Protein chains: 2
Amino acid sequence: MGTGAAVRDNLGMRISARADYAVRAALELAAAGDDTPLKAEAIADAQGIPHKFLEGILGDLRRGGLVVSQRGGKGGYRLARPADSIAIAEVIRVADGPLVSVRGVRPPDLSYIGPAESLLPLWIAVRANVRKILGEVTLADVAAAKLPDDVLHLADDPEAWTNP
Amino acid sequence: MGTGAAVRDNLGMRISARADYAVRAALELAAAGDDTPLKAEAIADAQGIPHKFLEGILGDLRRGGLVVSQRGGKGGYRLARPADSIAIAEVIRVADGPLVSVRGVRPPDLSYIGPAESLLPLWIAVRANVRKILGEVTLADVAAAKLPDDVLHLADDPEAWTNP
DNA sequence: TAGTTTTCCTACCGAATTACTAGGGAAGTA
DNA sequence: TACTTCCCTAGTAATTCGGTAGGAAAACTA
């Protein structure tokens, strides 16, 4: 391949900085426990997240009902529910913007014609699979470094870690 | 609209217009067979894709070795290899870059600390899963509307089609 | 040879999104 | 009151997305 080969960074399945930060912040809260609130800045420092940016994300998590906050002296954030009842999928959904039907086009509304007709079930299958994985893994699982066996098994295929 | 709309689900899983168009164009070529080249404009008409935009995409597919082209009178594009040897994943990667990334970075290049340490194997598992599905389904499968059974079964889950 | 067809290339464009930053106000605590 | 911490609005630089425009280069046709 030539030197001019531009590395296109656009992707099929992309976890945004927002979603990544949101999950990591939630994991810090899960690790801290339900009775010790963490300040936004402490989380930002611990995970290397821009602190003002994180504040906005924590606001989303609060409005999404995943987190509760307390202002003033000994304030901070804590999880609104037990860490083993919050799936990673929930955190991503809440942080990554409007979840219900983006751009007004939901998969069932797409119309494919000709040899592309079977594309829709394929996209649906991929989506279902991603949701299944991220929906079964909880904050408690990740914070305790104990992923479910079926997920671990997927990740330990050596080829899974290679490019591209 | 309709056919050209990008598909984005609530988990950050997004198929760009580029990737969608690329796959559909490749499917037209698969359906046309190996001996009858299709002109860019014919593909664009058949699938409702802006024709100048499609030209650029077909160029990527050619440079990626998936397609061969012929100029002049009876020219056009055809697949460089048999349709049952080209996976959907390949087409998307060539047209749109890596399949999965976090914050624009490929999972193996990420470094997580503290309670977020196990996030990496999780992203890897998700990526492995997407690659498994899109890597096992070929252009021939979709063009013939014959998806592998395990993939079909995934799309059957009624919950897969619902919103949040 | 000229003319036609089709790919191929470079450049540009507006709108949207992403990832932040700035500044201050509101609420709670000591 | 003073201090802390969350909370809210706005701005913004850079990049990406989804296209357009115009024409040069190659192949075929006559």
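This is a predicted model: local features need pLDDT of at least 70, side-chain atom pairs count only at pLDDT 80 or more; totals for chains, interfaces and linings use all residues.
Axes are lines fitted to C-alpha atoms, for helices over the stretch in contact, and the angles between them run from 0 to 180 degrees between N-to-C directions.

**Helix packing in chain A**

The axes of α1(A) and of helix α4 of chain A, residues 88–95, cross at roughly 130 degrees and come within 9 Å. Because angles of 65 to 115 degrees count as roughly perpendicular and those over 145 as roughly antiparallel, α1(A) is oblique to α4(A). The crossing of these two helices is right-handed. On the side of α1(A), the contact is formed by Arg18(A), Ala19(A), Ala22(A), Val23(A) and Ala26(A), and α4(A) supplies Ile88(A), Val91(A), Ile92(A) and Ala95(A). By class, this contact between α1(A) and α4(A) has eight nonpolar residues, one charged residue and no polar residues.

**Helix packing in chain B**

In chain B, helix α2, residues 40–47, packs with α3(B) at an angle of about 120 degrees, and their axes are 9 Å apart. That angle makes α2(B) oblique to α3(B). The crossing of α2(B) with α3(B) is right-handed. Ala40(B), Glu41(B), Ile43(B) and Ala44(B) of α2(B) meet His51(B), Leu54(B), Glu55(B) and Leu58(B) of α3(B). By class, the contact of α2(B) with α3(B) comprises five nonpolar, one polar and two charged residues.

**The surface near DNA strand C**

DNA strand C is surrounded by 26 residues, and the closest are Lys52(A), Lys39(B), Ala40(B), Glu55(B) and Ser69(B). Of the atoms of DNA strand C that come within 4 Å of the protein, 71% belong to sugar and phosphate.

| Side chain | Part of DNA strand C | Distance |
|---|---|---|
| Gln70(A) | phosphate oxygen | 3.0 Å |
| Arg71(A) | sugar or linking oxygen | 3.3 Å |
| Tyr77(B) | phosphate oxygen | 3.2 Å |

Several elements give two or more residues to the surface near DNA strand C: from chain A, α1 (17–32) and α3 (51–63), and from chain B, α3 (51–63), β3 (67–70) and β4 (76–79). The most is given by α3(B), with four residues. By class, the surface near DNA strand C has 11 charged, nine polar and six nonpolar residues.

Methods
Residues are numbered from 1 along each chain as its sequence is written. Chains are lettered from A and ligands numbered from 1 in the order in which they are written. Side-chain values use heavy atoms; hydrogens and water are left out. A residue is near a molecule or strand if one of its heavy atoms lies within 4 Å of it. A polar contact is a pair of N or O atoms within 3.5 Å; within protein, one must be able to donate a hydrogen and the other to accept it, and residues adjacent in sequence count only if both atoms are side-chain atoms. Ala, Val, Leu, Ile, Met, Phe, Trp, Tyr, Cys and Pro count as nonpolar, Asp, Glu, Lys and Arg as charged, and the others, Gly among them, as polar. Angles under 35 degrees count as roughly parallel, over 145 as roughly antiparallel, 65 to 115 as roughly perpendicular and the rest as oblique. A crossing is left-handed if the near helix is turned anticlockwise from the far one by less than a right angle, and right-handed if clockwise. Contact means heavy atoms within 4.5 Å.
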